[in-house]
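Thanks for coming. I will talk through one structure today, a piece at a time.

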Amino acid sequence: MALLKATRVSDVPTLDVLVPDLAAAARIDVQKRAAGRLAVIGHRGKGMNALSSPDRRLQEVKENSVRSFNEAARFAVDYVEFDVQVTKDACPIIFHDNFIFTEEHGKVSDKRVTDLRLDEFLRYGPQNKEGKNEKPLLRKMKDGRILNWNVQSDDPLCTLQEAFEKVNPRLGFNVELKFDDNLVYQEEELSQILQAILKVVFEYAKDRPIIFSSFQPDAAQLMRKLQSTYPVYFLTNGGTEIYTDVRRNSLEEAVKLCLASGMQGIVSEARAIFRFPAAIPKIKEADLSLLTYGTLNNVPEAVYMQHLMGVNGVIVDLVPEITKAISDLIAAPQTDMEIEDLSSKVMKDATSTPNFTHREISFLLRLMPELVQ
């Protein structure tokens, strides 16, 4: 087993529409287990912005921006993940938070992103033409503080269409369908939102690989019902947080939801995989793909362990470090295809159940208790 890199656990930052027949062109799956590869997905591009973190790498380039996506493309990532919401005038835009903040005349104000028209949304932050902020962009932290959204390399807010037009075409897109946990959505409203997104995807995706994912169970199910060209994954905390909707509260419930609605995979918080490793064979037996997200995925040791356990791909913030670590730690045999399809049969490989050496088992047993704390 190769030597592990220096990044340590303690260093982890706190962090209808008519569907055209595009299947033959757009099936770029993350089925890499047969080739020994682990798919790497850049979180919000080259990584999320943690504005209060002492780790400057998490304030390097504006998250969810064209610049961040193209920066990620410089490294060995297969996809970039980003959050899509739909404006009041039905334009899909890329932005993570439910509310957007600014300061005018010394007073901080906020607006719900989906209550804005596109032209209003694009006024926040740096502008393409003027090169200055029309409305300074601020961000609310989980502890209630509101900080200036300062990064080393800024970039304007963007639309989903712009991402398709301006981002390196080799990159796949993991499109997270973003909804507010505190709101109740009726099916008609969800359908309007999803169809607005699909309209852009079907017009501009071309041969680009696409995966849809969502924490919102009804939205994920409906997206699967509306189209069958692209795979849909259910996002879950896997029991690390508890919600009133029981479908969100365990990996077991996630499997049930996927099987009932024909979804192709699960995206789990990495901690849930370590806490409930017995869920992995059940996910594989259900013919589902498995991706993970979370701050543990910025630790090479944790990523390597997931590879051994049968995880198909990881969503990461520290793109340069993790792609290098994966290259060093995981020796992949050469294949004729650079990217196996992450969407046709969708990242599964019943023949690739890992066989552990005594040394690897010892390593897992020593490290796992620290990781799941």
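Asn 64 is buried, because its relative accessible area is 4%, and the cut-off for buried is under 20%. Bear in mind that this is a predicted model. Asn 64 sits in the loop between strand 1 (39-43) and helix 2. What is the phi of Asn 64 near? The value is near 55°, which is positive, and this residue is not a glycine. Most residues other than glycine have a negative phi.

Ala 90 is found in the loop between strand 2 and strand 3. Is Ala 90 buried or partly exposed? It has 48% relative accessibility, so it counts as partly exposed.

Next, the aromatic rings. How many aromatic pairs does the count come to? It comes to 9. One of them joins Phe 69 and Phe 82, with 5.1 Å from centre to centre and 40° between the planes, and it is classed as tilted. Phe 69 belongs to helix 2 (residues 66-72) and Phe 82 to strand 2 (residues 79-86), so this pair ties together parts that are 13 residues apart in sequence. Phe 69 and Phe 82 are both buried.

A second pair is formed by Phe 95 and Phe 121. Their ring centres are 5.7 Å apart and the planes meet at 85°, so the pair is edge-to-face; the cut-off for that class is over 60 degrees. Phe 95 is in the loop between strand 3 (92-94) and strand 4 (99-104), while Phe 121 is in helix 3 (residues 118-121), so the parts tied together here are 26 residues apart in sequence. Phe 95 has a relative accessible area of 4%, so it is buried. Phe 121 is buried too, with a relative accessible area of 0%.

Ring pairs also build a cluster, which links Phe 69, Phe 82, Phe 164 and Phe 173.

Now the nonpolar cores. Which residues touch the most other members of the largest nonpolar core? They are Phe 82, Phe 173, Ile 197, Val 201, Ile 210, Phe 212 and Ile 266, in a core of 80 residues. Helix 5 (residues 187-204) supplies the largest share of this core, 9 residues. Another core lies apart from it, with 14 residues, including Ile 93, Phe 95, Tyr 124 and Met 141.

Leaving out residues up to four places away in sequence, Ile 197 touches Val 84, Val 86, Pro 92, Leu 160, Leu 177 and Phe 212.

Last, a serine. Ser 191 lies in helix 5. Is Ser 191 buried or exposed? Its relative accessibility is 17%, so it counts as buried; the cut-off, once more, is under 20%. With residues up to four places away in sequence left out, Ser 191 touches Leu 222 and Leu 226.

That is where I stop.

Methods. Residues are numbered from 1 along each chain as its sequence is written. This is a predicted model: local features need pLDDT of at least 70, side-chain atom pairs count only at pLDDT 80 or more; totals for chains, interfaces and linings use all residues. Side-chain values use heavy atoms; hydrogens and water are left out. A nonpolar core is a set of buried Ala, Val, Leu, Ile, Met, Phe, Trp, Tyr and Cys residues joined through side-chain atoms within 4.5 Å. Buried means under 20% relative accessible area, exposed over 50%, partly exposed in between (1.4 Å probe, protein chains only). Helices (H or I, at least four residues) and strands (E, at least two) are DSSP runs, numbered from the N terminus. Contact means heavy atoms within 4.5 Å. Rings of Phe, Tyr and Trp (its six-membered ring) pair if their centres lie within 6.5 Å; planes under 30 degrees apart count as stacked, over 60 as edge-to-face and the rest as tilted.
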